[in-house]
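I opened this model to look at its strands. My notes follow the structure below.

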Amino acid sequence: MLNGLCILGSTGSVGTRALEIAKRFNINVCAIAGGKNYELMEKQAREFKPKIISMHDEKAALKLKENLKDTFIKIVSSEDGILEVASFKDSDMVLNAVGGISGLRPTIEAIHFGKNISIANKESIVAAGEIIKKAANDKGVKILPVDSEHSAIFQCLECSRKKGDLKRVFLTASGGPFYGKSREDLRRVSIEETLAHPNWKMGKKITVDSASFMNKGLELIEASCLFEIPFQSIEILVHKESIIHSMVQYRDNSIIAQMSSIDMGLPIQHAILWPDRLDSDVVELDFVKLKSLSFAKFDEEVFELPSVCKKAIELGGTAPAFLVGADEKAVELFLDSKISFLEMMDLIKSVFSLYEFHEINSLDDALDANYKAQDLVLENFLKTSLQSK
């Protein structure tokens, strides 16, 4: 059992679920970090009594400090603050559930201080996976996946210790709210429709990515890096029920699937408690009520972004980090009602076509490529807006 758990992104959907699990197993939560929701953070602070808290928003940090002045909890803020939390001496595991590229530096910081990582921040792995893995190997720390699909692959791969036994990985996708629609249909979808995921309750950014299949493309990059699998051996498979979270096929054509009800609690618990398996509060599957499971190929002509992600793997270097930045800014424009859903997808694709190869030797290389992509998305948006007037 853990001596101390640090949760980055404790006020988000993954973070709050992780706190429930920590409470269930009486795990000491010694450090937490959030964005600007200081009211929820205060409730978490009073219940779990961490020794240090970071708020990304400095004004929120000041309000939290005032509200918690009757305690001895240290309150810090901004990027330096989250790095201090990620490296806090009392933790032996850091659960990184921060959204976006801002989770990259805390991941590396935690590894440098010898913390095992439960990773829910896929952008870290996509943008700088090889750097992260090398740092983890050098420090002898483990990287344990939290995303349901990667947790499933991780569990399925435990069925065979021989690397050469693996033949193929099936990365399942719910299809989101728009699977089966044409490009013409996508011209008219609203933000509200995009955020109405049929199965999962997630943050806005990841929900938009799920609807565009960008999330599945990023997951493909992440799986290829984490498990050292050629992307050509990973097949995206639409599975609307979201019961099978991913499958692994071995060389003898035996297929191992990881199944569970729709609840992030299980992959979070598996990452935090690994290698132990303990009782959970996740609802058991009832196969009689379930009756059937369906599978289909996704439409690569309508949803082109996974193909762009494959291209990023082929190009290598900072291409994946560049793609993460393009997606981050394009989704932001969509959620701000500046562009349509279809324009968002097209903008990501068109900006990625401008990518110029650069090697990745450091975190700064990845971050520079990410920010460059964000700038290019904004430039292209403004240029298109002026031309349309």
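I looked up Q249 and found it opposite I255 in β11. Strand β10 (residues 244-250) is joined to β11 by five bridges, and the two run antiparallel. Strands here are DSSP E runs of at least two residues, helices are H or I runs of at least four, and both are numbered from the N terminus. Two strands pair if DSSP finds at least two bridges between them.

I noted the sources next. The model is predicted, so I kept in mind that local features need pLDDT of at least 70 and side-chain atom pairs pLDDT 80 or more, while totals for chains, interfaces and linings use all residues. Residues are numbered from 1 along each chain as its sequence is written, and side-chain values use heavy atoms, without hydrogens and water.

I then traced the sheet around β10. It is open, has four strands in the order β9-β8-β10-β11, and its pairing is mixed. β9 (234-238) and β11 (255-259) are at the edges with a single partner strand each, so one side of each has no neighbour in the sheet.

I moved on to strand β5 (residues 93-96).

I checked the partners of β5. Strand β1 (residues 5-8) runs parallel to β5, with four bridges. I7 has L95 as its bridge partner. Four bridges also join β5 to strand β6 (residues 116-119), again parallel. N96 is partnered with I119 in β6.
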